[in-house]
Amino acid sequence: MTRDVHSQIKELLKSRNAVLLAHNYMRDEVQEIADITGDSLGLSIEASKTGADVIVFCGVHFMAESAAILSPDKTVLLPRSDAGCPMADMVSVEGLKELKARYPGVPVVTYVNSSAEVKACSDICCTSANAIKVVKSLQEDEIIFVPDRNLGRWIAQFLPEKRFIYWEGYCPSHERMTLSEVLQRKAEHPDALFVCHPESTPEVSALADHVCSTSGMYEWCRKSAAKKFIIGTEPGILYKLRLENPDKEFILASEALVCPNMKLTSLDDVLSSLQSMTPVIAVSENVRLKAKMALERMLAVPRD
Ligand code: 13P
Ligand code: SF4
């Protein structure tokens, strides 16, 4: 049955000249069939350079929107239109405009986990993989960082020359991982290293041996000589970590890390989206052009 769905998806991807992109938090079976898996930065880059006519984005709304912003000539499908991001919803255009009015001339750095409208009101975007380099690339010593307070406070430690004005948004999934749970896991596995995502709270990140984006975790765990890791991010990451490192053990720091939105998309959703060519994610041209400047400015920041 699943094989049947697999082959139907593969056939439709071919006949529609479509590419299937999946975020590292997607269900295992969706990652398995994807053409490309990655973190928010890697997927934005793929979306900007693919030669496909159709992008099937298995992720959440803001990710498909970024693909639509960068590739206006392509059809971008988000198989589950209800897959949103609560953190992205924590910042409104009106609220951001008010904040900007309080700090005239201060550039706005916006995490890609935000709506197209909010990106359009920003100077530059960032992801968890490039946030430090993006902020460093700005001449001003004061910046407004939107919407993730945890990512903002994490990178601020490495940029003492900058003064940060934070939007107090957060990822509910990462904030559900508590300090006491992490201490408990560490006590149970004293030989394990702890790695977490910068969306975690400052007290949890302070306990980590390494803090990085989802793709950064693959690289770090692969290169590490250690054999055991406590993972502080959404459990979708475990699929590829275990596949690529069969000799290593990965323990989830907290069951509460599951992101319900990232778990919505099933293979059946992917199939019906390709059959019906819906739901299409589109961004109005006025907003798209402004948001594109912020995304392209981010993509122009050198990665090394
Ligand atoms: P990255 O893939 O950029 O690490 O982002 C994590 C996340 O929370 C996406 O919603
Ligand atoms: Fe949003 Fe957090 Fe889910 Fe990512 S993991 S989509 S930041 S709620």
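1. What is the volume of the largest pocket? In this structure, which is a predicted model, the largest pocket has a volume of about 600 Å³. A total of 25 residues line the largest pocket, and those that lie nearest its centre are Ser128, Ala129, Asn130, Ser213 and Gly216. Helix α12 provides the largest share, which amounts to 4 residues.

2. One pair to find on the screen is Val19 and its bridge partner in β3, Ile55.

3. Which residues of α3 are buried? In this helix, Ser40, Leu41, Leu43, Ser44, Ile45 and Ala47 are buried. The cover over the buried residues of α3 includes the strands β1, β2 and β3, together with the helices α4 and α15.

4. Rolling a probe the size of a water molecule over the atoms shows where empty space is left. A search of the whole structure finds 1 cavity of 30 Å³ or more, and about 60 Å³ of space lies in the largest cavity. The residues that line the largest cavity are Ser40, Leu43, Ser44, Phe57, Phe62, Met63, Ser66 and Val112, and the elements that give two or more residues to this lining are α3 and α4. The reader may recall that Ser40, Leu43 and Ser44 are among the buried residues of α3.

5. The structure holds 15 salt bridges, and a few of them can be described one at a time. Arg163 forms a salt bridge with Glu142, and the closest N and O atoms of this pair are 2.5 Å apart. Because Arg163 lies in strand β8 (residues 163–166) and Glu142 lies in strand β7 (residues 142–146), the pair ties together parts that are 21 residues apart in sequence. Arg163 is partly exposed, with a relative accessible area of 47%, and Glu142 also counts as partly exposed, at 24% relative accessibility.

6. Other salt bridges lie within a single helix. In helix α12 (residues 214–223), Lys223 and Glu219 are 4 residues apart, about one turn of the helix, and the closest N and O atoms of their salt bridge are 2.6 Å apart. Lys223 is exposed, with a relative accessible area of 61%, whereas Glu219 counts as partly exposed at 37% relative accessibility. In helix α15 (residues 285–299), Glu296 and Lys292 are 4 residues apart, so about one helical turn separates them; they form a salt bridge whose closest N and O atoms are 3.5 Å apart. Both are partly exposed, with a relative accessible area of 37% for Glu296 and 23% for Lys292.

7. Salt bridges may also be joined into a group, and here Arg149, Arg153, Glu168 and Glu175 are linked in a network of salt bridges.

8. Is Ile143 buried or exposed? This residue, which is found in strand β7, has a relative accessible area of 0%, and because buried means under 20% relative accessible area, Ile143 counts as buried. Leaving aside neighbours within four places in sequence, Ile143 is in contact with Val106, Pro107, Val109, Val135, Leu138, Arg163, Phe164 and Ile165. Among these, Arg163 is the residue that forms a salt bridge with Glu142. By contrast, Lys10 lies 133 residues from Ile143 along the chain, and the C-alpha atoms of Ile143 and Lys10 are separated by 45 Å.

Notes: Residues numbered from 1 in each chain as written. Chains lettered and ligands numbered in written order. Predicted model: local features only at pLDDT ≥ 70, side-chain atom pairs only at ≥ 80, totals over all residues. Heavy atoms only, no water. Pairing = 2+ DSSP bridges. Salt bridge = Lys/Arg side-chain N within 4 Å of Asp/Glu carboxyl O. Buried < 20%, exposed > 50% of the residue type's maximum accessible area, 1.4 Å probe, protein only. 1 Å grid on protein atoms, 1.4 Å probe; cavity = no way out; pocket = protein on both sides within 12 Å on 5 of 7 lines; lining within 4 Å. Points joined across faces, edges and corners; volume = space filled by probe spheres on them. Contact = heavy atoms within 4.5 Å.
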